[in-house]
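Hi there,

Here is the structure I promised to pass on. Have a look, and then read my notes below.

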Amino acid sequence: MGVSTVVFLAIGGLALLLLVLSLVGGHLALGDVDFGPLHLDHVPGFGHVDGGMQLTLPAIAGFLGAFGFSGAAVTSVAGD
């Protein structure tokens with residue numbers, strides 16, 4: 001297993017820890033971390049965006065998990 005595979009697995013493991021923290025930490029109000037709505041009005045081409053683009057801890061954990069574990073799979077198949 002190469003170094004890049006281990007790094008991507010570590011990112012995926014961190015994402016799992018964040019997900020467990022958000023699920024179990026609900027009793028401590030840690031799962032309710034809400035970073036507010038994501039405003040893209042200042043980005044050219046987006047204009048005004050309606051809808052629920054909330055950036056929450058489980059959403060961040062899901063993105064990091066997908067990035068970490070898919071990156072580990074790709075580097076593992078590609079041979080580092």
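Does T75 count as buried or exposed, and at what relative accessibility? This is a predicted model, in which local features need pLDDT of at least 70, side-chain atom pairs count only at pLDDT 80 or more, and totals for chains, interfaces and linings use all residues. Residues are numbered from 1 along each chain as its sequence is written, and side-chain values use heavy atoms, with hydrogens and water left out.

T75 counts as buried, at 14% relative accessibility (buried is under 20% relative accessible area, exposed over 50%, partly exposed in between, with a 1.4 Å probe and protein chains only). T75 sits in helix α2, residues 57–78 (helices are DSSP runs of H or I, at least four residues, numbered from the N terminus). The T75 side chain comes to 3.1 Å from the backbone oxygen of A72.

Next, the aromatics. The count is one aromatic pair (ring centres of Phe, Tyr or Trp, the last by its six-membered ring, within 6.5 Å; planes under 30 degrees apart are stacked, over 60 edge-to-face, the rest tilted). That pair is F8 with F67, edge-to-face at 5.6 Å centre to centre and 70° between the planes. F8 belongs to helix α1 (residues 3–24) and F67 to helix α2, so the pair ties together parts 59 residues apart in sequence. F8 is partly exposed at 21%, and F67 is partly exposed at 43%.

Finally, V20 is found in helix α1 and is partly exposed, at 47% relative accessibility.

Happy to chat about any of this!

Best wishes

Note on methods
Helices (H or I, at least four residues) and strands (E, at least two) are DSSP runs, numbered from the N terminus. A polar contact is a pair of N or O atoms within 3.5 Å; within protein, one must be able to donate a hydrogen and the other to accept it, and residues adjacent in sequence count only if both atoms are side-chain atoms.
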